[in-house]
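Here is a short briefing on one protein chain. Look through the sequence and the 3D view, then read the points below.

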Amino acid sequence: MKKFLSLALALLMVLTCVSVFASCDTEKKDGEVTLTPVAKEELKLGVILLHDEDSTYDLNFINGINAAKKALGLEDSQVIMKRNIPESNACYDAALDLIDEGCDIIFADSFGHETHMLKAAEEHPEVQFCHATGNQAHVKNLANYHNAFASIYEGRFLAGVAAGMKLNEMIEAGTITAEKAKMGYVGAFTYAEVISGYTSFYLGAKSVCPSVTMDVQFTGSWYDETAEKNTAMSLIEGGCVLISQHADSMGAPSACEEKNVPNVSYNGSTKDHCPNTFIVSSRIDWAPYIKYICEQTIKGEAIATDWCGTISTGSVVLTDVNTTAAAEGTVAKLEEVKAALVAGTTHVFDTANFTVEGKAITSHKVEEKEVIKDGYFNESDIMSAPYFDLKIDGITLLNTNFG
């Protein structure tokens, strides 16, 4: 009898193990992960959004996700979006809810979501977790956790060129002098992502308007319409004659329209609301990445640990130029510079074009790795997320208590 019970127990354990592995999309074999294809009609994508459609940042993600869904031919029921999920344990809870709803992939869109996404990924190896703007995938080495970004610094540089041309037009018209060509920038936090963004924007402007300077003021929030508008107003009152931003509301653009100050926005056109002052906007088009992670999951193939889209992959784009506000010749100039970026004959962070405390930069290390190579700072080389953190000359930080 004891022998029979022992055999029955062993058989039950084997059946239990078989059941567990059969329910997973991944299984370990000799230290590697074998992925099981997922039928397209059965695929489910879960999305965790920091805000909702009122945020230009989140709306850009929503538009990209919907474009990818259409391109793939997915049904509405196959994409589940969780809106207004803060950078807290609420993200972890949202991920668990999406797992319960049968999602094969979970994507989160904000930097502060990463800790909570990692926790969920460690506990659920059967689900693929993809996170925008994060920087931990390349060190965590989880087979089911991935980071993604794009070379938006190239888009910011192009937008800066448009801004510099507007400054030149104002100088030529006698509206300002060359010494008064000061831009203002509304930043959220003092993270490398923001530093990389405002620096590339400034360098783009400087490439066509050598006398330009820029003031940066931080709000301490990704989305605070009142704070962003007040900050833009303060910058204008401080002598800034053109405003740009790395913040997610209509605060800064609306201030510019009220004060008739040229504006370069981010994450989408504000022309409908700001027809007289909006010049152009750069943004990451997330559709190529969302399409990619879905296709990889359908095929049962690995998703890149760190993925970085470019202008060439259609991941970095500009809106149409508003010719009402932009300087004459802006469209042609942007095409010229874009071609040089794609060809590799122009580099955004060319060390010949900036100094730090009056000195040229010949060496700089990130994670103990040299990032100054071939005469320029190699952004998005070590990982997809931006890590440019130099404080270059010509840019004045009005406050630095947010980071």
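Where does N267 lie? N267 sits in the loop between β11 (263-266) and β12 (278-284). Helices (H or I, at least four residues) and strands (E, at least two) are DSSP runs, numbered from the N terminus.

This is a predicted model: local features need pLDDT of at least 70, side-chain atom pairs count only at pLDDT 80 or more, and totals for chains, interfaces and linings use all residues. Residues are numbered from 1 along each chain as its sequence is written, and side-chain values use heavy atoms, with hydrogens and water left out.

**Two asparagines with positive phi**

- N267 has a positive phi of about 75°, although it is not a glycine.
- N267 counts as buried because its relative accessibility is 8%. Buried means under 20% relative accessible area, exposed over 50%, and partly exposed in between (1.4 Å probe, protein chains only).
- N141 is a residue other than glycine, and its phi is also positive, near 55°.
- The loop between α5 (137-140) and β7 holds N141.
- N141 counts as exposed, because its relative accessibility is 61%.

**The sheet**

- Six strands form an open sheet: the order is β4-β3-β5-β6-β7-β13, with parallel pairing. Two strands pair if DSSP finds at least two bridges between them.
- β4 (79-82) and β13 (306-309) are the edge strands, and each pairs on one side only.
- From one strand to the next, the twist averages 20°. Axes here are lines fitted to C-alpha atoms, for helices over the stretch in contact, and angles run from 0 to 180 degrees between N-to-C directions.
- Strands β6 (residues 128-132) and β7 (residues 145-150) run parallel and are joined by 4 bridges.
- C130 has H146 in β7 as its bridge partner.

**Helix α3**

- Helix α3 (residues 89-100) has 12 residues. From first C-alpha to last, α3 reaches 17 Å, close to the 16 Å expected at 1.5 Å a residue. The expected span is 1.5 Å times one less than the number of residues.
- Buried in α3 are C91, Y92, A94, A95, L98 and I99.
- These residues are on the same side of α3, because they cover an arc of only 160° around the axis. The arc is that of the directions from the helix axis to the C-beta atoms.
- The elements covering them include β3 (45-48), β4, β5 (105-108), α4 (114-123) and β6. Contact means heavy atoms within 4.5 Å.
- G102 follows α3 and has a positive phi, near 90°.
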